[in-house]
Amino acid sequence: MIGYLITGLGIGAGFALVGSGLVVIYRVTRVVNFAQGALAVLAAMLTASLLSAGLPHGVAETLGVLAGAAAGLLTGVLAIGRPGTAPGASLIVTLGLGLLAYAVEILIWGDQPRSFPGLGGAIDVAGARVQVHYLLIVAVALPVFAALALFFARTDLGKALSACASNPYAARVVGIDVRRMGLLSFALGGALGGLAGVLTMPVQQVSFDSDVALIVNGFAAAVLGGLTRPGVALAGGLLLGVAQTVVAGYGGGAYRLEVALVVLLTVMIAQAVRTPPAPEAAG
Amino acid sequence: MRTGWIAAGLLALAVPVLLPERHLAVYVLLALTATVAVGVSMLMGYAGQVSLGQASFYAIGAYAAGLLAVHGWPPLLGLMAAPLAAAAAALLVGAPLLRLRGHHLAFATLAVQLILLGLLSRGEWAGGAIGLQGIPRFSLGGVEVRADRGYAYLALAVLAAVMLVYRNVVVSRVGRALRAAATGEAAAAACGVPVGRYRLAVFALSAAFAGLAGGVYAFYLGYLSPGSFPVLLSIEFVVMAAVGGLGTVAGPLVGATVITLLVQALTLLGTQPGMPGYAPAVLSYAVYGLVLVVAVLYLPRGIVPSIRRS
C-alpha cells in the first residue's frame with residue numbers, strides 16, 4: 001500500500017504540474033490551453049533526443065523545459081496575440097495547435113512511444129519497493145509549487161498577473177500590459193507543462209498522442225480548484241494519481257484513465273450544481 | 001440563393017454517376033461527415049455549445065445499427081434505431097452535462113467519448129477491441145445495396161433529410177428562442193424560454209444526426225471498431241463546422257467538402273512513391289491544425305457567412 005501511495009504521488013505530481021500550467025494560463029487570460037499536453041510531450045521528446053545525442057542529465061532536461069516555455073509562448077502569441085480574440089476562440093486555436101504539434105512530433109520523432117532512463121534503482125520504503133524516480137518527481141514538484149504559490153502571493157509580478165484576470169480594465173488603467181502578462185503566463189505554463197513531461201517520461205512511455213491523457217488528467221486536477229488555485233491543483237493531482245494507482249494495483253489496470261474521467265465529470269457537475277451558471281460568454 | 005442550392009443538389013446527384021466506382025468511397029464518407037457536421041454547426045451555432053465528443057454519437061449510431069443487423073434484424077430497423085439510440089444517449093448524458101458551459105462542457109464531452117471508447121474496446125458484446133464484424137449490407141424490400149453508388153445515394157438522402165430538419169428548426173419558434181438564449185441567456189429565460197430544455201433538445205437532435213450518419217457508416221463498411229471513432233474524428237467535425245460557418249445550413253456542407261478534398265489531395269500526395277510511410281498522417285494532422293487556427297483567427301465567422309457578406 002505504501003508502494004502504491006508513493007508511486008501514485010509521483011504520477012499525481014506529474015498531473016499536478018500539467019494542471020498548474022493550465023491554472024497559470026487560465027488565471028491570467030481566462031483561456032484553457034488545450035495544447036498543454038502537447039507542450040509536455042514536446043519537451044519530453046526533445047529531452048530524449050538530447051540525451052541520446054550525448055548531453056548530460058540536467059542539461060538536457062533544462063533545455064527540454066525551456067523548449068516547453070518557448071512553445072508555450074508561441075501558443076500564447078497565436079492564441080491571444082490578436083486583440084479581441086474571445087476565450088472560446090482561443091480555446092479552439094490551442095486545439096488546432098495541439099493537432100499541429102502531432103504533425104511536428106511524428107515528423108521528427110516518429111509515431112512510436114519513447115522513453116529515456118531517469119534515476120535508476122528502487123529502494124525500500126516501509127517495506128515496499130518504490131522506484132527512486134517517483135521520489136524525484138515528488139521532490140521536484142513540491143518546491144516548484146511552493147515557489148509558484150509565493151510568486152503569486154508575494155511578488156509584484158505575480159500580483160500583476162492575477163490582476164489581469166480579475167479585472168483586465170483596471171489592470172490596464174494602473175499600467176499593466178495585459179497582453180504581455182498573458183504571454184508571460186503562457187510561457188510559464190509551457191515551462192510547467194514541459195517539466196511535467198520531462199519528469200514523467202522515464203516512468204511512463206510517451207508517444208505523440210500521450211497528450212490526451214495528460215491534458216485530461218491535468219484538467220481534472222486543475223478543475224478542482226476552479227482552475228485558479230495552483231495549490232488545489234496540486235492536491236487534486238496527487239489525489240488523482242493515488243486513486244489511479246490504487247485502482248490499477250487492485251486489478252483494474254486498464255481503467256486508469258476512466259478513473260480520472262469520472263472524477264473530472266463528477267467534480268465539474270457538482271461545482272456547476274452548487275453555483276448558478278456564471279454570466280460567462282458562450283464558447 | 002435558391003439557384004445555388006439547386007445547382008449544388010444537381011451536382012451532388014450527378015457526381016456518383018460520373019465518378020468511377022473506386023473513387024466513390026470518398027464521396028460516401030464526405031456525405032456522412034457532412035451530416036455529422038450539420039449537427040455540430042447547429043449545436044455550436046444555435047446553442048453555443050462546443051462538443052468535442054460528437055464522434056461518440058456517430059459511434060453509438062453505428063454500433064446500434066450494426067448490432068441489430070448482426071442479430072438478424074432488418075437493416076431498415078437498424079438504420080432507424082441508430083438516430084434514436086444516439087438521441088437517447090444524448091438525453092441521458094446531456095441532462096447532467098449541459099449544466100456546464102464553455103471549456104468545461106468541451107472537456108466533459110471529450111471525457112464522455114473517452115469513456116465510451118474504453119467501454120467499447122472492453123465490451124464483449126461489441127466485439128471488444130477487435131471490433132464488430134460481419135454486418136450485413138443494407139437492404140430494403142429484399143433488394144440489397146451492394147455497390148458504392150447505392151451507398152452514395154443513401155448517404156446523400158440522409159444528408160438532405162438532416163439539412164431539411166436543420167433548416168426547419170432554425171426558422172421555428174425553438175430556433176428563434178435558442179438564438180435569443182445564445183446572446184442573452186437571462187433575458188431569454190425572463191421571456192419564458194425554457195433555455196435548459198431547448199438546449200437539451202438541440203443536443204439530442206444533433207446527436208441523432210450523428211447517429212443516423214453512423215448507421216449508414218455501419219452498413220457501408222460492414223465492420224466497426226473503437227479505433228474507427230477516435231477523438232480526432234470529433235475534432236474534425238468541429239473543424240468542418242467552424243470553417244464552413246456555425247449556425248448556417250450550407251456552412252457545414254462547405255466546410256466538410258473543402259476539408260475532405262484538401263485532406264484527400266494531400267493523402268494522394270503523401271502516398272506517392274518515395275514519400276515516407278508517416279507522410280499521410282503528418283499531412284492530415286497539419287491540415288486540420290492549420291486550417292482550424294487560420295479559420296478561427298482570420299475567418300472567425302466561417303467561409304459561408306464571409307462570402308455572403310462580401
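How many residues does the contact take from chain A and from chain B?

**Exercise 1: The interface**

Task: Describe the contact between the chains, starting with the question above.

Solution. Keep in mind that this is a predicted model.

Step 1. Chain A gives 41 residues to the contact, and chain B gives 37 residues.

Step 2. Now turn to area. The size of an interface is often given as the accessible area lost when the parts come together. Here chain A and chain B bury about 3,600 Å² between them, with 83% of it on carbon and sulfur atoms.

Step 3. Look for the residues of chain A that lose the most area to chain B. They are Arg82(A), Ile92(A) and Leu99(A), and together they make up 15% of what that side buries.

**Exercise 2: A bridge between chains**

Task: Find the salt bridge that crosses the interface, and say which helices it links.

Solution. 

Step 1. Side chains of opposite charge can pair when their charged atoms come close. The rule finds one salt bridge across the interface of chain A and chain B.

Step 2. The partners are Arg122(B) and Glu258(A), whose closest N and O atoms are 3.3 Å apart. The cut-off is 4 Å, so this pair qualifies.

Step 3. Check the surroundings of each partner. Arg122(B) is partly exposed at 31% relative accessible area, whereas Glu258(A) counts as buried at 12%.

Step 4. Arg122(B) sits in α5 (residues 102-122) of chain B and Glu258(A) in α11 of chain A, so the pair joins two chains.

Step 5. Compare with the salt bridge between Arg180(A) and Asp177(A), at 3.8 Å from N to O. Arg180(A) is exposed, with a relative accessible area of 58%, and Asp177(A) is partly exposed at 36%. Over all chains, the count is two salt bridges.

**Exercise 3: One buried asparagine**

Task: Is Asn217(A) buried or exposed, and what does Asn217(A) touch?

Solution. 

Step 1. Locate the residue: Asn217(A) belongs to helix α9 of chain A.

Step 2. Use the cut-off for buried, which is under 20% relative accessible area. Asn217(A) has 4% relative accessibility, so this residue counts as buried.

Step 3. Look for a polar partner. A polar atom of the Asn217(A) side chain lies 2.8 Å from the backbone oxygen of Ala213(A).

Step 4. List the contacts, leaving aside neighbours within four places in sequence. They are Phe15(A), Leu240(A), Gln244(A), Leu257(A) and Ala260(A).

**Exercise 4: Packing and annotated spans**

Task: Which residues of helix α6 of chain A are buried, and what secondary structure do some annotated spans have?

Solution. 

Step 1. Helix α6 covers residues 156-166 of chain A, and its buried residues are Gly158(A), Ala160(A), Leu161(A), Ser162(A), Cys164(A) and Ala165(A).

Step 2. See what these residues pack against: α1 (2-29), α5 (132-154), α7 (168-173) and α8 (178-200) of chain A.

Step 3. Bring in the record. An unreviewed UniProt entry lists "transmembrane region" spans for chain A, including residues 62-81 and 181-199. In the model, residues 62-81 of chain A are 95% helix and 0% strand, while residues 181-199 of chain A are 100% helix and 0% strand.

Step 4. Residues 200-221 of chain B are 100% helix and 0% strand, with end C-alpha atoms 31 Å apart.

Technical notes
Residues numbered from 1 in each chain as written. Chains lettered and ligands numbered in written order. Predicted model: local features only at pLDDT ≥ 70, side-chain atom pairs only at ≥ 80, totals over all residues. Heavy atoms only, no water. Contact = heavy atoms within 4.5 Å. Buried area = accessible area lost by both parts, 1.4 Å probe. Salt bridge = Lys/Arg side-chain N within 4 Å of Asp/Glu carboxyl O. Helix = DSSP H or I, 4+ residues; strand = E, 2+ residues; numbered from the N terminus. Buried < 20%, exposed > 50% of the residue type's maximum accessible area, 1.4 Å probe, protein only. Polar contact = N/O pair within 3.5 Å; in protein donor to acceptor, adjacent residues only side chain to side chain. UniProt positions renumbered as here; feature names shortened; annotations may be inferred.
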